Amino acid sequence: MRLRKGIIFIVVSVIAVISMSSYAEANVPSQFDLDVILVIDHSGSMSWADPNKLALTAANLFIDMNFGSDSRVGYVMYSHYIVAQRGLTDLVSFSRDIKNEISAMEYGGWTDIALGVETALEIFANEPDRSRTPAIILLSDGNTSLEVPSGVQPRPIRSTVESNLALLYAVDNAASMGVPIFTVGFNHNGELDIATMELMARQTGGFSRETVIANDLPIIMFDIYSHLTGARGDDVIVETVPADGNMSVTIPIRDSSIHRAIVTIMSNQPVQDVALLDPSGAAGTFTQNSDASQLYTLITIMHPTMGDWVLSFVGTPGTTVSINFLSIYDVTFVFDLPRTAPEEATFSWRLENDMGADITDSYLLNLLYPSIFIRNLDTDEEIQLNFAAGQQSLTAQLPEGHYEAYMILDSHGILRESNLHTFTIHEFNPPPIPSPIGLRDGIYHVTLTTIFNPRTEISINNLVNFNPENRPITVSPIAGVWGNYVEWDFHSFDETIVLSALRAGRTEIPVNVQDVHGQTVTVIISVNIINGLVFVVIVLAVIIGIALLVITFMQTKKPKLNDPMSKLYIKMTLPASMAHDTPPEYALVLPAVKGKKTLRELINMNMSISEPYRVAMQSIGWFADNAILSAKSKSLLEIKIPQNAGYTIKVDKNAGKTAVAFNRNGGTEIRVGTMGGSGYDEYDEFVITLGNPPAFGGNTQIDYSDGFDTGTTNKNATTNDDNFW
């Protein structure tokens, strides 16, 4: 059993080390990961404003749009009270449950919009994980009405006027919490409160939409989704056709940079046998979702191949089918460092894909036209310049001064805001880039390990000192054997060199740093790469060594009772009144067993003396049952003598002495007496002498230990032939 535990200990330790070596950074939510609370009007007025329950379809459609992300969705269904609610819930595991709960809803009751918004904000306020983009989507007719007849239960918590005031406060609270409210108004009966819906959206950073037909829902929900993620492309195809049984529609994918393509099929009768063929004519891979209403079928294609895809399905004759196709881009909009010259600056931008590589797809780039906003920090004046479609570089004439600039990309359905740059414009050329700074002999030292930190970033500011007017900085390594040891990358975006270890060893990388004026300096980056496996082996060796020591300790052969002394001499002297029960002197034969034995057990194991000693110890049976002998080592026998409330125990040469005699004619005397009087009463005591019989001499210790009453002495002693103590 001990061996098995030891092996388990080693295995767990090895797994722990392997886990350490494969440690990865915690997942950081992406732009597609949202936290959204759907606030759904459950009141009876929705029966007229939304008789087809499009609000429920819209809610479920939005849930399905988040397929493939780490988004969470919750909902609040309200009337004049909270009908049902669910906190933010993982869509990967529970999207079907959430959609079924929403689909089962029936309109009824009066309306307290503020109550629904307040409850949603409480969910956000109590949510510890706030790493995702938050939002509230309100699906309602916007009409608060709390003139509830008496007798209706439950009663509203306030009047219509109070609710309207509470809504203003809730909207302010949402704005301060950074939670935008997007409102979708349902206006089948023409009584939508547009003003209230727009007010909530405008003051919190959202927007408002209204609808009466299902065909509007994909565009409305995609507008909200794209605003939150900034990742949607324009509608490529919007087609409404009569269903005539077997149908086929071409879905053109004209861009190789699309992260996700979404096709929605809206119909008041569900479609059947949905299929996709990719541009090669093979069956395409896609995910299909819908809800209980069957008003929509949502198809998701991840990383679609560029070309014409063919969508086919079977529609119900006599119905109308609306098809929408939207592309979603997972791109980063990068505003490069401005290039400055006397009284002018050149600005450029680019796109990076989700792997950090530049996007060179001319089809996409030629559709984009960002704007740049430049502010003079000295005068606080701001100007806006617009790039032409496909233009990626723009030069502007600017007077001398200090500036900051950023870009906004809002075209082809891609909405992005860039990073911010500061720069200075001079009337004359700035000074050239100076020599390397703070580096001994122009060498910058880096240490990497191949497992634990195989990658490092080096800011150019750590290598050379330069002014913003020296930008852009060009950094280029000089080819050499260092390429066998590290992989090189330079990010002009933040002027950072990235080195990734390939194998262990030492190498040097000569690096040329050049500014816009042609001034060049050379810096040496010295790289020491340590094999991370060595650390793993060392840690494993230490853990295994400790484990082996533990196993060795657990498996160490414990001494047996007969190891320190094969026989133990025992002699009892009883009070005069019990002298007739005094047992004979005897040498107890100790057993070859590990562990502990009581004095009575040892006596019982020596059959020839068990009866007289049992009789003799009747009055002090507690002592016989609790005096415990155990072998502590090959040369040490321990006798633990117990405490007892009714007796005084002393280990002494003579009564009243405080030291154990070193020579007691065969052992140490243990007096067991009642506590009836002061000191010992020679007529009311038991004297037991234990020791190493002379015939079995040798160098053996007997340790009398444990706590005794006052006057008790603990003593380790060595016996040698006739000298027992």
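These legends walk through a few close-up views of aromatic rings in a predicted model.

**View 1. An edge-to-face pair, Phe182 and Phe207.** A pair of aromatic rings is described by the distance of the centres and the angle of the planes. In this model the count of aromatic pairs comes to nine. One of them joins Phe182 and Phe207, whose centres are 5.0 Å apart, with 80 degrees between the planes. The partners come from distant parts of the chain, 25 residues apart. Look for Phe182 in strand S5 (residues 181–186) and for Phe207 in the loop between helix H7 (194–204) and strand S6 (208–211).

**View 2. A tilted pair, Phe335 and Phe347.** Here the rings lie 6.2 Å centre to centre, and their planes make an angle of 50 degrees. That angle counts as tilted because edge-to-face needs over 60 degrees and stacked needs under 30. Phe335 belongs to strand S15 (residues 332–335), while Phe347 belongs to strand S17 (residues 344–352). The pair links distant parts of the chain, 12 residues apart. Phe335 is buried, as is Phe347.

**View 3. Arginines over ring faces.** Arg260 sits over the face of Phe32, 5.6 Å from the ring centre. In another such arrangement, Arg503 lies over the face of Tyr485, with 4.7 Å to the ring centre.

Definitions and conventions: Residues numbered from 1 in each chain as written. Predicted model: local features only at pLDDT ≥ 70, side-chain atom pairs only at ≥ 80, totals over all residues. Heavy atoms only, no water. Phe/Tyr/Trp six-rings, centres within 6.5 Å; stacked < 30°, edge-to-face > 60°. Helix = DSSP H or I, 4+ residues; strand = E, 2+ residues; numbered from the N terminus. Buried < 20%, exposed > 50% of the residue type's maximum accessible area, 1.4 Å probe, protein only. Lys NZ or Arg CZ within 6 Å of the ring centre and 35° of its normal.
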